[in-house]
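Me: Got a structure I'd like to talk through with you. Can you take a look?

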Amino acid sequence: MLGVLFDLGLDFDQFQAELEKLNVSGYHLTLEKTTRSAIGGQLFGVVLDDAHHHADESLTAQEVEAHDHHHHDDDQLAEHDHHHDHLAEHDHHHDDLAATPHHHHGRNLQEIETIINNSNLSQSVKIQALGVFNEIAQAEAHVHQLSLDDIHFHEVGALDSIVDIVGFFVGLEMMGIDGIISGTLVDGSGTIEVAHGTMPVPVPAVMQMRQNSEVPVRQRTDIHTELVTPTGFAIAKLAFDSFGPIPDDMQVQKVGYGFGTRDTGHLNGLRGLLLTPMASQKEVHSTSDEIVEIHANVDDQSGEGLGYAIERLMTAGAYDAYFTPIFMKKNRPAYQVTVITASAKLQAMVDLLMTHTTTFGVRWANMKRATLPRTFKTVTTAFGEVTLKIGTFNGQQKVTVEYDSAAALADSHHVSLDAVRRAALLAYDKEDGMN
């Protein structure tokens, strides 16, 4: 998964610097540009220092076997060409986390929580990473019929996994990725041999996490090994927003590939697509068109629920959606929800308002609007490529910087949004002056 992020543009040096905020040592990171099945991508690795390997020498052969079993990577990209994310087409995840009951060389959940909570990482990264570890620990505790305190993670494996799991959420934050859509997860079948004996596939911890989960999973009967691991499933369950194909209103901005090292006889890779809303990137050559303005009054819904409704409306392709404070009958403070959309999307927007707000009625009016013809241009700055929107009126140009591309660069380079905007406009002025 991190290989995918690096292939999509995550800066490796800045990532390493950000990960130092975790305040753990005993490892170093590797990144290699390579090919699998004639496809170029990135191979990311976490390499443990010798001192941390020696600390594990007292493990029994069975315990080492249990640890090694979980040091494998993802598999099977080929059958998922039709599924994508804002971040990644998610097939499988590797898992460096092996829970071992009564193992005295490992950290338990509380110790891992202390490491993450005492770090200098953002609160968002902490919460998401802790959620994944807790999900795995809960599942392992149930499977082994132990308390959470009795579940210990291998010392070496835990260090790998802390870096992997925390690093994934660090990468998302640095790239400004605000949502993930995934395809159906695909697991193998049959059984696998581990220190505790023969385990069925899906492995017990994954099957436990699938209880009351809406994550879709199908099994391939031609692959007789585990393809969905506890770490991978926990991330999918907690961090992925939805499952399905690319939304109609999203545009593929970039494609990346991340590879694993395990040989399963199949392509061991993960494809990620960086998506942007299509409406904001659409060239417009007309000067007028017809739209629909939809209204709904709401006086009994939480701010979180209303915010979620706006997100769903915008994701579905609304031109704009916003709230206006109003007073309703009996002097009740309320909000009027306004949606501006194309006529063809009227019914879809009405359905979303009825589903995601508490309103009992929706009204709309057909309108005409005047628009500036617009085109889009990409300029290169010291921070990376930025998209500009260019409108033309009476022979004059209006140039604005597209927020999403500028915000992602501001986050990844730790600079202000205005700094990226100024650099983009300066680059455009230079190019325009040369033409």
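Predicted model: local features only at pLDDT ≥ 70, side-chain atom pairs only at ≥ 80, totals over all residues.

Me: What joins β18 to β19?

Reply: A hairpin, through 2 residues.

Me: And which residue in β19 is the bridge partner of Lys377?

Reply: That's Leu388.

Me: Switching to the open sheet of 4 strands, what's the strand order?

Reply: The order is β15-β16-β14-β17, and the pairing is antiparallel. At the edges sit β15 (320-327) and β17 (363-370), each of which pairs on one side only.

Me: How much are neighbouring strands turned against each other there?

Reply: By 25 degrees on average, with direction ignored.

Me: Zoom in on β14 and β17 for me. How many bridges?

Reply: Strand β14 (residues 288-298) pairs with β17 over 8 bridges, antiparallel again. Within that pair, Val292 has Asn366 of β17 as its bridge partner.

Me: Which helices lie across those strands?

Reply: One is α10 (residues 303-315), which lies across β14, β15 and β16 (333-342) and runs at about 150 degrees to β15. Another is α11 (residues 346-356), lying across β14, β16 and β17 and running at about 155 degrees to β16.

Me: New topic, the largest nonpolar core. Which residues touch the most other members?

Reply: Phe15, Leu29, Val166 and Phe169 do, out of 63 residues in that core. Helix α7 (residues 155-175) supplies the largest share of this core, with 12 residues.

Me: What does Phe169 touch?

Reply: Leaving out residues up to four places away in sequence, Phe169 touches Val125, Gln128, Ala129, Val132 and Ala239.

Me: Last one, helix α12. Which residues are buried?

Reply: In α12 (residues 403-413), the buried ones are Ser405, Ala406, Ala407, Leu409, Ala410 and Ser412.

Me: What follows α12?

Reply: His414, with a positive phi near 55 degrees.

Notes:
Residues numbered from 1 in each chain as written. Heavy atoms only, no water. Buried < 20%, exposed > 50% of the residue type's maximum accessible area, 1.4 Å probe, protein only. Core = buried A, V, L, I, M, F, W, Y, C linked by side-chain atoms within 4.5 Å. Contact = heavy atoms within 4.5 Å. Pairing = 2+ DSSP bridges. Axes fitted to C-alpha atoms, helices over the stretch in contact; angles between N-to-C directions.
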